[in-house]
Amino acid sequence: DVKMNDKSIYELFASTEPLGVSSEALGCPVGTYGLPEFGTRFVIKMVEEAKPKSFSDLLQISGLSHGTDVWTGNAQDLIKEGICDISKVIGCRDGIMLDLIRYGMENAVAFKIMESVRKGKGLTPEYEAEMREVGVPDWYIASCKKIKYMFPKAHAAAYDMSAIRLGWYKVHIPLAFYCAMFTVQPLGFDGALVMRGKKAVADYIADIEKRSQRNEASPKETQSLPVLQLVNEAYARGIGFLPVDLEKSTADEYVPENGKIRLPFSALAGLGENAAANIVAARDQEPF
């Protein structure tokens, strides 16, 4: 039932305004932390440069972020140089065939060229000649020659539909969004750090990012960044955290409580999944 055309959701890909916080507070120019395929530094930078305005633009970005030699040194340069915008660059493999058909090429030939390009085989002299014959521009032909692998549009659509739907909850029901995201995130959650407040979390993020640039951060620290960025974002939006409580915490679910998020037993360092479940099982038998 979540609307796919809510304007505030698409604004997340342009600014942090729908979240009610400044980009400085988040350390990010857009509001896409936590959205599938749009929360990494690489894709955030891509979104910032591409300036998507529609769902079809988001499909382009997902195709570009999953392809090989499609964005860097290719579509990115075309956009920077003003040759074309995100809607016109080659993003997904299907786009090549459809573009060529629109230029007037026969369906079968357009399909064969798409297959050759998306597999990284480039263009034969014959294919290139046929493209020029129907008026395909030089920049498009040059872009095809650089591509090594391309993403299918159907996969991009599945990712982006999930991103839009989750974005709706992020904007309109943030407490539920953050509880769900923290519950399903696969890595550990440092409850002690989080309970020290927003400044401690933001400082820790800045420290990891600084050491990452010098290749001094551990893989575990680098992998913890996405969830810490969401924690920082929740704090910035006025959502606080409640400590682990022997009577109220669950084993591993982050639950809403009086407008805040109650940490589960699993948020405690060194307390494993089985131990957390055993505490809850014992509590269910009789009060501590």
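This is a predicted model: local features need pLDDT of at least 70, side-chain atom pairs count only at pLDDT 80 or more; totals for chains, interfaces and linings use all residues.
Colleague: Which residues are in contact with Cys179, leaving aside its neighbours within four places in sequence?

Modeller: With those neighbours left aside, Cys179 is in contact with Tyr254, Val255, Pro256 and Ile261. Contact requires heavy atoms within 4.5 Å. For one of these residues, Tyr254, the C-alpha atom is separated from that of Cys179 by 5.0 Å, although the two residues are 75 residues apart along the chain.

Colleague: What makes Gln76 count as buried or exposed?

Modeller: The relative accessibility of Gln76 is 13%. The limit for buried is under 20%, and Gln76 therefore counts as buried. Gln76 lies in helix α5, residues 71-80. Apart from neighbours within four places in sequence, Gln76 has contacts with Glu49 and Trp71.

Colleague: How is Ala108 classed, and why?

Modeller: Ala108 has 48% relative accessibility. Buried is under 20% and exposed is over 50%, with partly exposed in between; Ala108 therefore counts as partly exposed. Ala108 is part of helix α7, which runs over residues 107-118. The C-alpha atoms of Ala108 and Met97 are separated by 9.1 Å, and these residues are 11 residues apart along the chain.

Colleague: Why does Glu126 count as exposed?

Modeller: Glu126 reaches 52% relative accessibility. Exposed means over 50%, so Glu126 counts as exposed. Glu126 is located in helix α8, residues 125-133.

Colleague: Which residues form the negative surface patch that includes Glu126?

Modeller: The patch is formed by Glu106, Glu126, Glu130 and Glu133. Glu counts as negative, and like charges are joined within 9 Å; the patch is therefore described as negative.

Colleague: What can be said of the chain as a whole?

Modeller: The secondary structure consists of 16 helices and 3 strands. Of the 288 residues in the chain, 46% are buried. The C-alpha atoms fill a box of roughly 80 × 40 × 35 Å along the principal axes.

Colleague: How far apart are the mean positions of the positive and negative charges?

Modeller: The mean positions of the 33 positive and 38 negative charges are 2 Å apart.

Colleague: What share of the contacts with a separation of 6 or more joins residues 24 or more positions apart?

Modeller: Such residues account for 58% of those contacts.

Technical notes:
Residues are numbered from 1 along each chain as its sequence is written. Side-chain values use heavy atoms; hydrogens and water are left out. Patches are made of residues with over 30% relative accessible area and no salt bridge: like charges are joined within 9 Å, nonpolar side chains (Val, Leu, Ile, Met, Phe, Trp, Tyr) within 5 Å. Accessible areas come from the Shrake-Rupley method with a 1.4 Å probe; for residues, only the protein chains shown count as cover. A salt bridge is a side-chain nitrogen of Lys or Arg within 4 Å of a carboxyl oxygen of Asp or Glu. The place of a charge is taken as NZ of Lys, CZ of Arg, CG of Asp or CD of Glu. Helices (H or I, at least four residues) and strands (E, at least two) are DSSP runs, numbered from the N terminus. Buried means under 20% relative accessible area, exposed over 50%, partly exposed in between (1.4 Å probe, protein chains only).
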